[in-house]
Amino acid sequence: MDLMAAKMIGAGLATIALIGAGVGIGIIFGNYLAGALRNPGAAQGQFTNLLVGFALCEFTGLLGVVMAFIILFT
Amino acid sequence: MASPLEQFEVTRIGPPIHLFGYDISFTNSALWMCIVAGSAAVLLTLGASSRRLVPTRLQSLTEMSYVFVADMIRSASGTDGLKFFPFIFTLFFFVLFANVYGMFPLGLFPLIRPFTVTSHIVVTFALAIFVFVMVIVVGIAKHGIKFFGLFAPNVPVWMLIFLVPIEVISFCSRPISLSVRLFANMMAGHTMLNVFGGFVIGLAAAGGAVKFLSFAPVVAIIGVSALEFLIAFLQAYVFAILTCIYLNDALHPHH
């Protein structure tokens, strides 16, 4: 197998990291929605925490994407 | 067809300038940074200069953004965080304008080459490392050696052997996570839009009935563009609020 093909496969494998990010973002928003439906009064106050949690979670997936770009283009 | 990463290319504008062996020529990235910072400054100064009791549209936009950022700082780092209001406000609007300017389809006009400033890690890392150094300087200036109590939470002593390295690593990885998040979001979004645009051209070039399918990626591009505008705002907000949270550590290190 030549190097280019191995790079392509490696970049594809690196994007598997996005599975975790997808699951994590789903859990965050799903739990926020569940909590907000139980206690709508407290929902507004937790919106900042929701976005920060979303950002922290998304970051782990984006590391995989960056890794894929690095593998492909170096 | 051009590579989807061609849009991120930095090219020189004007004559090459060299100083101490470094190439410091004026580039399209620098030009767009000037446009972003200049237009944000002009827009907000214009909005703040008309002091009517019943605000004009631009004035109420400026007032709303002031209240928005002030509330964000107050909730994340307390009232004494408001001393850093000018810095956070500038940071938020620079990142927001840079992200949104990248979304405008300026490539439709001749001679204009659109460019997203925040899609380069060197720009976002410079912003993030500035925040990181500022947090350390403010923390040491306000609390002296007690600032390093941040790394030692209230736990039994034998747990500190494990916890202090973890806290130090998590503290030191902050500038990396702050910068990579913004840069990767912007780069991934613009690459995705470009790849979808390539689908339209590819399908339209295909002969027969297949070319009527080329409207499908257009619908996807409209949806993705809406998502990208949301992300452009959200990432600017996240960058600013994480800066506030880090500043909170410097101002109140005991948790």
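A: Let's start with chain A, where buried residues make up 9% of the 74 residues; buried here means that 20 or more other C-beta atoms, placed from the backbone, lie within 10 Å of the residue's own. This is a predicted model, in which local features need pLDDT of at least 70 and side-chain atom pairs count only at pLDDT 80 or more, while totals for chains, interfaces and linings use all residues. Residues are numbered from 1 along each chain as its sequence is written, with chains lettered from A and ligands numbered from 1 in the order in which they are written.

Chain A has 4 helices and 0 strands (DSSP runs, H or I of at least four residues for helices and E of at least two for strands, numbered from the N terminus). Its C-alpha atoms fill a box of roughly 60 × 15 × 10 Å along the principal axes. The radius of gyration is 17 Å, whereas a compact globule of 74 residues would come out near 11 Å (taken over C-alpha atoms, the globule rule being 2.2 Å times the number of residues to the power 0.38).

Where chain A touches chain B, 10 residues of chain A are in contact with 13 residues of chain B, contact meaning C-beta atoms, placed from the backbone, within 7 Å. Chain A's side of that has 9 nonpolar, 1 polar and no charged residues (Ala, Val, Leu, Ile, Met, Phe, Trp, Tyr, Cys and Pro count as nonpolar, Asp, Glu, Lys and Arg as charged, the others, Gly among them, as polar).

Now for the helix pairs in chain B. The axes of α6(B) (residues 174-205) and α7(B) (residues 215-251) come within 10 Å and cross at roughly 175°; axes are lines fitted to C-alpha atoms, for helices over the stretch in contact, and angles run from 0 to 180 degrees between N-to-C directions. The two are therefore roughly antiparallel, the label for angles over 145 degrees. Among the residues that meet are Leu178(B), Met192(B) and Phe196(B) from α6(B), and Val224(B), Ile231(B) and Phe239(B) from α7(B). By class, this contact has 17 nonpolar, 5 polar and 2 charged residues.

Then there's α1(B) (residues 28-49) with α3(B) (residues 85-103): their axes come within 9 Å and cross at roughly 115°. In α1(B), residues including Trp32(B), Val36(B) and Leu44(B) meet a set in α3(B) that includes Phe93(B), Phe97(B) and Tyr101(B). That contact divides into 10 nonpolar, 1 polar and no charged residues.

Definitions and conventions
Parallel < 35°, antiparallel > 145°, perpendicular 65-115°, else oblique. Contact = placed C-beta atoms within 7 Å. Buried ≥ 20, exposed ≤ 12 C-beta atoms within 10 Å, placed from the backbone.
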